Amino acid sequence: MVDSVLIVSCSEKGTESIKEMLDAAEFHQIAALRSCGEARRLFLQRSFDLVIVNAPLKDESGEDFSRQIASEDLSQVILMVRSEHFDAVSAICENDGVLTIAKPVNKAVFWSALKLAKAAQSRLRRGQEENAKLRQKIEDIRVVDRAKCLLISHMNMSEKDAHRFIEKQAMNMRCTKRDVAEGILKTYEA
């Protein structure tokens with residue numbers, strides 16, 4: 001689900017037109033800026049789920065900014081460019097994950113781009129959540145392995161016995177193996 005949107009457009013009319021289409025799509029957390037410089041400064045403070053760049057801008061074309069945000073941040077980026085530049089800009093930006101649409105933009109094309117951005121954002125979030133779970137599992141395994149090494153060296157247990165000891169303690173104490181392992185680390189590493 002896309003929650004927050006940043007519009008970067010030097011044209012008041014363009015910004016209002018985009019806001020109208022976003023309001024119709026029930027996006028409510030919408031911020032608007034007039035230049036890439038302002039947008040870059042804002043990105044130092046916070047992130048957005050969706051960034052819509054209405055190119056060209058006062059300070060740059062918008063391509064570099066769009067590519068930078070798409071590659072460095074989890075934001076989905078829609079870059080709106082003049083139809084005569086669409087093919088060239090699209091070829092440059094699509095490898096970075098930027099959705100490029102030609103202006104003038106009709107509502108059907110804009111809605112399609114929004115739906116694609118929402119789908120990509122959902123998929124990216126699921127991947128990020130899965131990645132976080134895997135990182136946590138790896139860290140848990142590292143802590144348990146360190147605890148097993150301490151049991152092996154201080155208690156003269158075999159690796160199998162140390163593993164069994166940690167599992168049994170976790171079951172008896174109704175906690176995770178990592179909790180037991182952290183207790184062992186506190187005991188023997190202190």
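# Note on the predicted model: helix contacts, sheet and loops

1. **α1 against α5.** Ile18, Met21, Leu22 and Ala24 in α1 meet Lys107, Phe110, Trp111 and Leu114 in α5. Contact here means heavy atoms within 4.5 Å. By class, these residues divide into seven nonpolar, no polar and one charged. Helix α1 covers residues 12-24, and its axis packs at about 60° to that of α5, 11 Å apart. Axes are lines fitted to C-alpha atoms, for helices over the stretch in contact, with angles from 0 to 180 degrees between N-to-C directions. The crossing of α1 and α5 is right-handed.

2. **Basis of the values.** This is a predicted model, in which local features need pLDDT of at least 70, side-chain atom pairs count only at pLDDT 80 or more, and totals for chains, interfaces and linings use all residues. Residues are numbered from 1 along each chain as its sequence is written, and side-chain values use heavy atoms, with hydrogens and water left out.

3. **Overall layout.** The protein has seven helices and five strands. Both are DSSP runs numbered from the N terminus: helices are H or I with at least four residues, strands are E with at least two. The order of elements from the N terminus is β-α-β-α-β-α-β-α-β-α-α-α. The radius of gyration is 25 Å, well over the 16 Å that the globule rule gives for 190 residues, so the protein is more spread out than a compact globule. That radius is taken over C-alpha atoms, and the rule is 2.2 Å times the number of residues to the power 0.38. Along the principal axes, the C-alpha atoms fill a box of roughly 75 × 30 × 30 Å.

4. **The sheet.** Five strands form an open sheet in the order β2-β1-β3-β4-β5, with parallel pairing. β2 (29-33) and β5 (98-103) are the edge strands, each pairing on one side only. Neighbouring strands are turned by 20° against each other on average, direction ignored. Pairing requires at least two DSSP bridges between two strands. Strand β3 (residues 50-54) and strand β4 (residues 76-82) run parallel and are joined by five bridges. In this pair, Val53 stands opposite Leu79 in β4.

5. **Helices on the sheet.** Helix α2 (residues 36-45) lies across β1 (4-9), β2 and β3. Its direction runs at about 155° to β1. Helix α4 (residues 86-93) also packs on the sheet, where it touches β4 and β5. The direction of α4 makes about 175° with that of β5.

6. **α5 against α6.** Helix α5 spans residues 107-155 and packs on α6 at about 120°, axes 9 Å apart. That makes α5 oblique to α6. The angle classes are roughly parallel under 35 degrees, roughly antiparallel over 145, roughly perpendicular from 65 to 115, and oblique for the rest. α5 passes α6 in a right-handed crossing. On the α5 side the contact uses Val144, Ala147, Lys148, Leu151 and Ile152; on the α6 side it uses Glu159, Ala162, His163, Phe165 and Ile166. This contact has seven nonpolar, one polar and two charged residues.

7. **α6 against α7.** The axes of α6 (residues 159-173) and α7 (residues 177-189) come within 8 Å and cross at roughly 115°. That makes α6 roughly perpendicular to α7. The crossing is right-handed. His163, Phe165, Ile166, Glu167, Gln169, Ala170 and Met173 in α6 meet Lys177, Val180 and Ile184 in α7. These residues divide into six nonpolar, two polar and two charged.

8. **Backbone points to check in the loops.** Most residues other than glycine have a negative phi, and most peptide bonds are trans. The bond from Ala55 to Pro56 is cis, with omega near -5°. Pro56 lies in the loop between β3 and α3 (63-72). Lys103 and Pro104 are also joined by a cis peptide bond, with omega about 0°. Pro104 sits in the loop between β5 and α5. Asn156 is not a glycine, yet its phi is positive, about 55°. Asn156 lies in the loop between α5 and α6.

Conventions: A crossing is left-handed if the near helix is turned anticlockwise from the far one by less than a right angle, and right-handed if clockwise. Ala, Val, Leu, Ile, Met, Phe, Trp, Tyr, Cys and Pro count as nonpolar, Asp, Glu, Lys and Arg as charged, and the others, Gly among them, as polar.
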